[in-house]
Amino acid sequence: MRDIFIELTTACNFNCEFCPYHLLTRKKEVLSLDNLQKILGTLKELDGIDYIMFSALGEPLLHPEFMAACQMVKDYGFRLVVTTNGSLLREDHKKLAVDDIYLSFQTTTEQSFSHRQAKNLSFSLYLDVIKQFVQGQHPRTIIYLMGTGLFKTMVHNKGFMDIELDFDNTEPALKIINKYGKFFEPSFQEITDMNYDFSNNKYIFVRDNLYLYLSMLYNWCNLILPPGYTYIPSRSIDAKTCDYYEKQIIILANGDVTFCCMDYDGSMIQGNIFQEDLRDLIAKKEKVLDLAVYKLCRQCKGKVIRNSLLHRQRS
């Protein structure tokens, strides 16, 4: 099965410190509805598409014809997922022609929310916007809560950016999860199991069509690391070992095609969907057997170490 990511716009109203948006060098663009229709027509010729997601690096709701874009995808018969920071959700969005909304709530306090650099939006207003949206009938919505500790190999993220949700500390983590479960739905059944397995139970039912999802503070292919850390790039990477490269097709707002959702700046572009047959681009991609030809892959699969250890190894 293939996962298709379509970037409606490269613009975003947040500038999160844990996202590489501030490093973007690509031109700010908006995908027109005419071009979206061309893309969807091309995708209808492919087999095995699991879903289409409006995602990449920009905020989809900034698209001037966002609701029409959603309806167009559904008219073509695709399952549609929208990833959004949620700040622009309105009452009429409850009737969106979408199957799932992945709401990137992430930070759970005013302090950690400051890392999102949301311009003139306060944390309290942000909470109000989301709470209003999830009242009553709405598309299935998964609210992402970001924490540390889910992946033991990423200990370098501990204490990074004032992220207060730490899955290694069960009791305080459950307090935060239960707090927001109750905030979004007063009848939420609190989790009291002190042996709760966060790694294998990331989806938490709040009520019909509403879930919390426990996500990990991610470093974007070792691009965003805390002070004092660096990485040693990988020298060889079997392409078949990367599910992203195997299954994903990312179509950027200008039509450029890449095959990894982490390729925020288009460093792995294979071609342009408006200029070449998508099947030819897929065939070109499949000829790459060692992903170490891409700097982003070498970095992603590299080993994160302390700077002091790197200097010690070199000496």
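Q: Which residues is K94 in contact with, leaving aside its neighbours within four places in sequence?
A: Beyond those neighbours, K94 is in contact with Q132, F133, Q135, Q137, H138 and P139; contact means heavy atoms within 4.5 Å.

Q: What sort of model is this, and how are residues numbered?
A: This is a predicted model, in which local features need pLDDT of at least 70 and side-chain atom pairs count only at pLDDT 80 or more, while totals for chains, interfaces and linings use all residues. Residues are numbered from 1 along each chain as its sequence is written, and side-chain values use heavy atoms, with hydrogens and water left out.

Q: Back to K94: where is its place?
A: K94 is in the loop between β3 (80-84) and β4 (100-106). Helices (H or I, at least four residues) and strands (E, at least two) are DSSP runs, numbered from the N terminus.

Q: Is K94 buried or exposed?
A: K94 is buried, with a relative accessible area of 14%. Buried means under 20% relative accessible area, exposed over 50%, and partly exposed in between (1.4 Å probe, protein chains only).

Q: What lies 3.2 Å from a polar atom of the K94 side chain?
A: The backbone oxygen of Q132 lies at that distance of 3.2 Å. A polar contact is a pair of N or O atoms within 3.5 Å; within protein, one must be able to donate a hydrogen and the other to accept it, and residues adjacent in sequence count only if both atoms are side-chain atoms.

Q: Turning to helix α7, which residues are buried?
A: In α7 (residues 278-286), the residues L278, L281, I282 and K285 are buried. Seen down the axis of α7, the buried residues fall within an arc of 100 degrees, so they line one face of the helix. The arc is that of the directions from the helix axis to the C-beta atoms.

Q: What covers the buried residues of α7?
A: The cover includes β1 (2-6), α1 (33-43), α6 (243-247), β9 (248-251), β10 (256-258) and β11 (271-272).

Q: And what caps the N-terminal end of α7?
A: D277 does, with a side-chain oxygen 2.7 Å from the backbone nitrogen of R279.

Q: At what angle do helices α4 and α5 cross?
A: The axes of α4 (residues 123-133) and α5 (residues 170-184) cross at roughly 55 degrees and come within 10 Å. That makes α4 oblique to α5. Axes are lines fitted to C-alpha atoms, for helices over the stretch in contact, and angles run from 0 to 180 degrees between N-to-C directions. Angles under 35 degrees count as roughly parallel, over 145 as roughly antiparallel, 65 to 115 as roughly perpendicular and the rest as oblique.

Q: Which residues of α4 and α5 meet?
A: F123, L127, I130 and K131 in α4 meet Y180, F183 and F184 in α5.

Q: What is the phi of Q106?
A: Phi of Q106 is near 65 degrees, a positive value in a residue other than glycine. Q106 lies in strand β4 and is buried, with a relative accessible area of 10%.
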